[in-house]
Number of protein chains: 2
Amino acid sequence: MSAPPPNERTGRHGPTIRDVARIAGVSIGTASKALNSNGRLRQETRDKVTTVAREIGYRPNDMAQSLHRTRSMTVGVLSTDSFGRFTLPIFQALEEQFADRGIAIFMCNATDDPERERQHLDQLLGKRIDGLVVTARRADKRPPVGPLPAGLPVIYVFSQADDRDALCLLPDDEGGARLAVRHLGEVGKRRIAHITGPEHFEAVQLRRRGYLSALAELGLAAHPEFYLSGKWTEAWGRDAVAALFDGKTDRPDAIFCGNDLIARGVVDALRERGIAVPGEVAVAGFDNWDVMTAAARPPLTSVDMNLSALGHEAGRLLIEMIGGETVRGIRRLPCTLVVRESTSTST
Amino acid sequence: MSAPPPNERTGRHGPTIRDVARIAGVSIGTASKALNSNGRLRQETRDKVTTVAREIGYRPNDMAQSLHRTRSMTVGVLSTDSFGRFTLPIFQALEEQFADRGIAIFMCNATDDPERERQHLDQLLGKRIDGLVVTARRADKRPPVGPLPAGLPVIYVFSQADDRDALCLLPDDEGGARLAVRHLGEVGKRRIAHITGPEHFEAVQLRRRGYLSALAELGLAAHPEFYLSGKWTEAWGRDAVAALFDGKTDRPDAIFCGNDLIARGVVDALRERGIAVPGEVAVAGFDNWDVMTAAARPPLTSVDMNLSALGHEAGRLLIEMIGGETVRGIRRLPCTLVVRESTSTST
DNA sequence: TTGAAAGCGCTAACAA
DNA sequence: TTGTTAGCGCTTTCAA
């Protein structure tokens, strides 16, 4: 039975390196070297210290460490418009990137409340974050966050700051739309309609532009009556089909939809009219939202914004900036087309 | 033109209280008192200090502060099964609770990877979090996280730890199911079926129990052939309707579904058979997932698990525990029924 | 090879 | 009313 270690008073934050040193019978400096595999130490001493550390459950206090380093090894993620379907995969990928480098994430949410945003920012700055990620659900331009200390790396993901020096990462909506429409052309469709969401969304405008440019590429005419802007809902998809088909002779043979909800409404409405998808009319969506693409009959071809990749890239860039690089401007990452039965029976 | 302040070397983490003191021409102690509205100080001095602090953009370093306090004013949220539809509202509410008290959240994600979980935990403990929230997508029992320093408050939300001393917060699935079935009885239905998900989910078992007990309450018989367990998908909902209705004379007049996806499949299948909802068959879902309840035709009556409330309560409890209270055991929070047209034409 | 001590930025106790 | 100082837990010279 060994005597209990003398005076084992541990610090308020758990055992400290001082405790380790005392119990191991070495100086604090020695303990530090041993624990950080630094300096020259006898192997024996090293072992003794690490053993003691393990035994008493010592874990270095990051806050104390950060006081020395110029890094806190934390970043903030500030969502200005809650968390949703879109920000989630982005966050997931971000998290992975940072976790791999031992960087912890402070997560904040300021749902369209500038006051709350200010509070969160204050808190984050108090924590001495090394970088900041700003996310939003919509790609609308927003005023830059701030004021921020000069030199703090900031990246806007799935969101745009009204500041030309800001770094913004966005999906290439236009390119994505082009992919989908091109594909519709390639499966032989010539009369391609576009049913989409509210025009005040930048994404709607960009996707429309992609739609038009792809039509041009394909040498197809853009019928103005084949472009319908409405809501982001299934109901709108159904209504639009009614407008496009009921009592019309001039019908489209393909529909590119602004999102998957609309696309689902569209295939439902077509099925109810006995119009074969994709035989008579092919349908493509946008977002590649599994719940929708899978449940639709037939499963939906859809444009994937590769939000994971977006998140990864955001993490990578922020880490670069923290390392001292200067990055700025708007970057758009490519989308991918995922082909399913709604455009191609050969699946 | 005033002379530049002498030797304005600021610390590596930005201006320090020492800078403030020097520029304001007072001692550090005085500056501290002024900035924290502590002790007795001349109003003049107080003002001078705060002015300087504002001017040079001084912001106290939380990490340095935490070294003194016994609290770090941070908590960790560890999601053991990614983030999804269910954990999101919970997190949102948690965030609100903590933000109000100036507590920052470290967000981690260890998707079913024990190794990663261990890493994250290590990191969080290094950051000296004051408390820990563990979330999961499924309510399956999981081994308790750990090892953790004694006395660290932990709460499992939407997840259960295999440890009787753990505090777990869950929705009352059984009660929720009872609400729905009772309601179906109240609108005059007598032959109530239950189409639900895989039986290995505890939620499936609990909801079934609620279904059965409500039937008993209503004095209705439980037809074994009216209980169908399958997948959590729309397709299963449709298939189950086929099984229940096609070529059968012994049909139900109401269906309580294990989730909204199934319910949506059910109403779609019924509509395709020309069976009126809710006239001939009423349908209720579970989850109250807006995307589904709204898009279904007719809109779905559904059980809401009140995940926001769950998150709020989790935050409240964890804060209590941080304050020294001891809370343990499994707590189930009530669900709410949201009535829509799939069960009641009177909406 | 090890120990002592200064200092990261801050607070709080004690002196002046 | 203000200044001085001893830590919080850690790393990093510099001495021994």
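**Figure 1. The two copies, chain A and chain B, meet through the same surface, because 100% of the interface residues of chain A are also interface residues in chain B.** The model is predicted, and local features are reported only at pLDDT of at least 70, side-chain atom pairs only at pLDDT 80 or more, whereas totals for chains, interfaces and linings use all residues. Residues are numbered from 1 along each chain as its sequence is written, chains are lettered from A and ligands numbered from 1 in the order in which they are written, and side-chain values use heavy atoms, with hydrogens and water left out. Superposing chain A on chain B takes a rotation of 180° with 0.0 Å of shift along its axis, at an RMSD of 0.1 Å (least squares on the C-alpha atoms of residues with pLDDT of at least 70 in both copies). The two copies are therefore related as by a two-fold rotation axis.

**Figure 2. Extent of the interface between chain A and chain B.** In this view, 57 residues of chain A are in contact with 57 residues of chain B, contact being heavy atoms within 4.5 Å. About 4,900 Å² is buried between the chains, and carbon and sulfur atoms give 48% of this area; buried area is the accessible area (1.4 Å probe) that two parts lose on being put together, summed over both. On the side of chain A, Arg59(A), Met63(A) and Arg128(A) lose the most area to chain B, together 15% of what that side buries.

Figure 3. The side of chain A that touches chain B comprises 22 nonpolar, 16 polar and 19 charged residues; Ala, Val, Leu, Ile, Met, Phe, Trp, Tyr, Cys and Pro count as nonpolar, Asp, Glu, Lys and Arg as charged, and the others, Gly among them, as polar. There are 14 salt bridges between the two chains, each defined by a side-chain nitrogen of Lys or Arg within 4 Å of a carboxyl oxygen of Asp or Glu. One of them links Arg264(B) with Asp268(A) at 3.8 Å, N to O. Another is formed by Arg116(A) and Asp100(B) at 3.2 Å, N to O. Arg116(A) lies in helix α6 of chain A and Asp100(B) in helix α5 (residues 87–100) of chain B, so this pair joins two chains; helices (H or I, at least four residues) and strands (E, at least two) are DSSP runs, numbered from the N terminus.

**Figure 4. Backbone features in two loops of chain A.** Val277(A) and Pro278(A) are joined by a cis peptide bond with omega of about 5°. Pro278(A) is located in the loop between α10 and β11 (282–286). Arg128(A), although not a glycine, has a positive phi of about 60°, and lies in the loop between α6 and β3 (131–135).
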